[in-house]
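Hi,

Here is the model I promised to pass on.

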Amino acid sequence: MECGVNVTFNETLEGALGDALAFRDDSRFWIQRVIQPVVIMFGVIGNLVTIVVLTRPRMSSSTNTYLTALAVSDLIYLVCVYFLSLENLPYNKTEEYLWYWNTWRWLLWISDGSMGISVWLTAAFTFERYIAVCHPLRGRVFCTEARARRVIIVIYILCLLSTCTTPFEWSIEVKDGMVCKKMTELAMDQTYKNYLYWFWAAMFVFVPLVIIAIFNTFLIEAVHRSKRQRSGLTQQIEPRDCANSSRQRQENKITTTLIAVVILFIVCQTPAAIMLVVYIFYSPDKSTPAGAIMLGLGNIFNFLTTVNASSNFLLYCVMSDKYRRTLVLTLCPCLATRHQRSHTFTSYYASHHNSSVRFNSPNALNT
């Protein structure tokens with residue numbers, strides 16, 4: 001009787017392991033070989049277009065400086081992720097691909113660094129936008145392009161330095177004409193592992209996410225408050241109030257776009273962040289059902305970070321009128337002349353019309 005129970009238990013365990021391995025392999029195949037390359041291609045094109053558009057003179061601003069730096073880090077991350085995904089191909093384990101494996105370690109470092117850069121850039125422009133919206137007088141002093149560039153440089157340097165030990169966690173060896181990678185003594189050191197995981201959890205998960213969540217909440221409240229104030233205005237408003245209201249609507253559009261970028265970031269990055277924290281307390285062997293399931297979930301959650309790095313272009317196109325106009329004029333320069341002529345004619349007509357109104361209006365001195 002006891003023997004029968006053991007046989008049944010072993011069969012159940014083998015079945016669970018088989019299902020877990022199938023889940024891991026299926027997620028790896030469909031995500032890394034089918035879906036992810038398409039998303040990466042779209043993201044690379046979208047980020048390149050974003051960099052071109054946001055660096056146009058008419059798009060110059062401190063916020064767009066941060067978004068340009070974010071597009072650069074996302075672009076680097078996507079390129080690294082694509083080449084890192086090639087490690088699971090069956091034919092690249094021979095000695096002739098030794099160059100790839102020697103490069104693989106450094107690509108892993110750059111991908112980790114660029115992911116950290118994207119996290120902190122998101123936190124930086126969220127805080128910058130909070131200052132500009134909720135404290136406009138201080139924003140005129142602190143929210144400048146020069147200051148944004150300095151902050152960006154500091155973030156890039158610190159994030160790359162914080163992850164610079166990554167290449168030294170792996171060694172590449174050749175045995176019988178086949179390339180294999182294995183973890184070094186540094187990576188196996190328990191003190192180093194504990195320090196690394198806690199450092200990553202604190203500096204790239206808890207601290208930036210708290211900053212992003214707090215100041216994004218303030219931004220959402222500021223946009224709602226502005227909309228309530230506009231809806232409470234009477235229709236009898238002076239031209240100066242109309243100009244202020246139009247300017248405020250434009251500011252709200254910018255803020256709303258950034259809120260959407262932050263929400264997408266939180267949705268896509270949180271699962272991977274949770275998985276990182278889970279690994280601190282629970283790291284099962286890869287050959288067990290739990291280990292295989294966690295690897296499969298890791299494939300899915302890492303794919304979400306790829307989606308995040310690829311999707312900001314869509315948000316800009318959908319939510320920013322100025323981005324769309326600049327995109328069209330950049331990709332189709334022939335439309336720029338027509339746009340300029342139309343804009344000049346409209347400005348002349350509006351100026352002439354407004355001058356006539358002021359001349360005939362009893363309130364001309366007040367406008």
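Tyr66, Leu121, Phe125, Ile155, Tyr323 and Leu327 touch the most other members of the largest nonpolar core, which has 41 residues. By nonpolar core I mean buried Ala, Val, Leu, Ile, Met, Phe, Trp, Tyr and Cys residues joined through side-chain atoms within 4.5 Å; buried is under 20% relative accessible area, exposed over 50%, partly exposed in between (1.4 Å probe, protein chains only). Helix 8 (239–281) is among the helices that each supply at least two residues, and helix 8 gives the most, with 9 residues. Helices (H or I, at least four residues) and strands (E, at least two) are DSSP runs, numbered from the N terminus.

This is a predicted model: local features need pLDDT of at least 70 and side-chain atom pairs count only at pLDDT 80 or more, while totals for chains, interfaces and linings use all residues. Residues are numbered from 1 along each chain as its sequence is written, and side-chain values use heavy atoms, with hydrogens and water left out.

Beyond its neighbours within four places in sequence, Tyr323 is in contact (heavy atoms within 4.5 Å) with residues including Val49, Leu54, Met59 and Phe313. Another core, of 10 residues, lies apart and has Tyr100, Leu108, Trp170 and Val179 among its members.

Ser111 sits in helix 3 and is buried, at a relative accessible area of 5%. Its side chain reaches the backbone oxygen of Leu108 at 2.8 Å.

Finally, strand 1 (residues 170–175) and strand 2 (residues 178–183) run antiparallel, joined by 6 bridges; DSSP must find at least two bridges for strands to pair.

Best wishes

Terms used:
A polar contact is a pair of N or O atoms within 3.5 Å; within protein, one must be able to donate a hydrogen and the other to accept it, and residues adjacent in sequence count only if both atoms are side-chain atoms.
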